Amino acid sequence: MVERDKNFAVLRERDTITWHPPFEDQLLDDPDDHGFWAITSYDDLIEVTKRHEDFLSGPGILMESLPADFVEAGQSIIGMDPPRHTQLRRLVASAFTPKQMRRIDDMIRRNATGAVDNLLAKAEAGGGQTDFVAECAELLPMNNIADMIGVPDADRKEAMLQLKIATSWDDPEVAGDTKEKVLMAMFGALTYTHGLANRLAAERRENPTGDLLSGLANAEVDGQRLTDHEIGAFYVLLTIAGNDTTRQSIAHGLKALTDNPDQRAWLLEDLEGRMPAAVEEFVRWATPIVTFRRTASRDLEFRGQQITKGDKVVMFYSSANRDERRIERADQLDLSRKPNPHITFGGGGIHHCLGNQLARTQVRSLMTELLSRAPQITSGPAEYTPSNFFNIVKRLPCTPNPA
């Protein structure tokens, strides 16, 4: 990642946007894909984000061109443009009531305790070491989202497996070693997840239980309700975004604390009081979502470059969060950074992350619980999953209580 950050710095120094050919080894061959414009600076990314009329989300948010059915089934409101986006976001937001959020806060604290319990037990059984991702970082968001939705215990293991396929389809170990296998695995993951969401939504319409899916299944704004397909697509979005943003921030956060012992020492001096600021730096440092794509709705000029209707415009959040012109000492971890104007959850506009407070709460709860009970926990080298969308830590060996 050091080499990647150096390359982004070179692009930012050009003080404009840059054109690049299609990247190699795409999942599908697209004869109409001639390349993309790279948005690497902080200010340019914010402007593209806010100009949703010029830069569309509907054609897809991934760098790759995927089948329309995949886009429709897996991206929900982040892959939509007004007016449909406006209507569905209002419906979804109506399910996130203050009562629902209070219930979620208590649940997150319980699950954070359970995740750290599991980590310490697995480390003790493993001679002092274990995998931080599998035994802690992914458990918290997985159980939180399942509890929020109301996924039965009997379905959770399979739901988690299908989630991994949906987020790690670039990894041959997860989705397969040929394009055909990957496509079939992705199709299977979306089919399973939509089926589960639709089954549960039907149950909640008959017998609401007070969970988030009950809110989604029965939400009504101006006489409109979400269809089963819309609920299924949002469930896919929630499970992917709600899991990976938190999981990657926590995993990258532990690696950062190991590499920066002075920052750990500062945080431990006042764990509760300093954790909110530290969370902002953890999510900036991790930048779990590396890119989002837009598509030009018309011919236009941007930063002195002529963009043609239909061109792919790719925003590189991992570059913008390292832009020294807006974030001082951006290549340094500073848990005390205030203000911290990172754009991990978006640069404003209509697609700003609806679950940003949920993600912050999860990271804060887990890191507080972890450092309270294993303050000197250290990690080994991280193993990453190749991806142009997520910044995935696949495995992270750790020693909770080093000698």
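**Entry 1**

I looked up the contacts of Arg 337 (contact means heavy atoms within 4.5 Å) and, leaving aside its neighbours within four places in sequence, found Glu 281, Arg 284, Ile 327, Glu 328, Arg 329, Ala 330 and Gln 332. I note that this is a predicted model, in which local features need pLDDT of at least 70 and side-chain atom pairs count only at pLDDT 80 or more, while totals for chains, interfaces and linings use all residues. Residues are numbered from 1 along each chain as its sequence is written, and side-chain values use heavy atoms, with hydrogens and water left out.

I placed Arg 337 in the loop between H15 and H16; helices (H or I, at least four residues) and strands (E, at least two) are DSSP runs, numbered from the N terminus. Is Arg 337 buried or exposed? Arg 337 is buried, at a relative accessible area of 6%; buried means under 20% relative accessible area, exposed over 50%, and partly exposed in between, with a 1.4 Å probe and protein chains only. I also took the C-alpha separation of Arg 337 and Trp 19, which is 33 Å for two residues 318 apart along the chain.

Arg 329, one of the contacts of Arg 337, lies in the loop between H15 and H16 as well. Arg 329 is partly exposed, with a relative accessible area of 36%. Its phi is positive, about 50 degrees, although Arg 329 is not a glycine.

**Entry 2: Other backbone angles**

I kept in mind that most residues other than glycine have a negative phi, and most peptide bonds are trans. Asp 15 also has a positive phi, near 60 degrees. Asp 15 sits in the loop between helix H1 (2-13) and S1, and is partly exposed at a relative accessible area of 44%.

I then listed cis peptide bonds. One joins Pro 82 and Pro 83, with omega about 5 degrees; Pro 83 is in the loop between helix H3 (68-75) and helix H4 (84-93). Another runs from Lys 338 to Pro 339, with omega near -5 degrees. Pro 339 belongs to the loop between helix H15 (317-320) and helix H16 (356-373).

**Entry 3: The five-stranded sheet**

I traced an open sheet of five strands in the order S1-S2-S8-S5-S3, with mixed pairing; two strands pair if DSSP finds at least two bridges between them. Strand S1 (18-20) and S3 stand at the edges with a single partner strand each, so one side of each lacks a neighbour in the sheet. Helix H2 (residues 42-50) packs on this sheet and touches strand S2 (36-39), S3, S5 and S8. The direction of H2 makes about 130 degrees with that of S8; axes are lines fitted to C-alpha atoms, for helices over the stretch in contact, and angles run from 0 to 180 degrees between N-to-C directions.

I examined S5 next. Why is strand S5 (residues 291-296) largely enclosed by the rest of the structure? Six of its six residues are buried, so the strand is largely enclosed. Thr 291, Arg 293 and Thr 295 are buried on one side, and Phe 292, Arg 294 and Ala 296 on the other.

S5 runs antiparallel to strand S8 (residues 312-316), joined by five bridges, and Thr 291 stands opposite Phe 316. Strand S3 (residues 55-56) is joined to S5 by two bridges, again antiparallel. Across that pair, Leu 56 faces Thr 295 and Phe 55 faces Ala 296.

**Entry 4: The three-stranded sheet**

I found an open sheet of three strands in the order S4-S12-S9, with antiparallel pairing. Its edge strands are strand S4 (130-131) and strand S9 (378-379), each pairing on one side only. Two bridges connect S4 with strand S12 (residues 397-399), and Thr 130 stands opposite Cys 398.

**Entry 5: The second largest cavity**

How many cavities of 30 Å³ or more does the structure hold? The structure holds three. A cavity is a set of points on a 1 Å grid over the protein atoms alone where a 1.4 Å probe fits but cannot get out; lining residues have an atom within 4 Å of a point. Grid points are joined across faces, edges and corners, and a volume is the space filled by probe spheres set on the points.

The second largest cavity has a volume of about 200 Å³. Of its 18 lining residues, the closest to the centre are Ala 159, Met 160, Leu 163, Tyr 235 and Thr 239. Helix H8 (153-167) is among the helices that supply at least two lining residues, and H8 gives the largest share, six residues.

Methods:
On a 1 Å grid over the protein atoms alone, a cavity is a set of points where a 1.4 Å probe fits but cannot get out, and a pocket is an open set with protein on both sides within 12 Å along at least five of seven lines; lining residues have an atom within 4 Å of a point.
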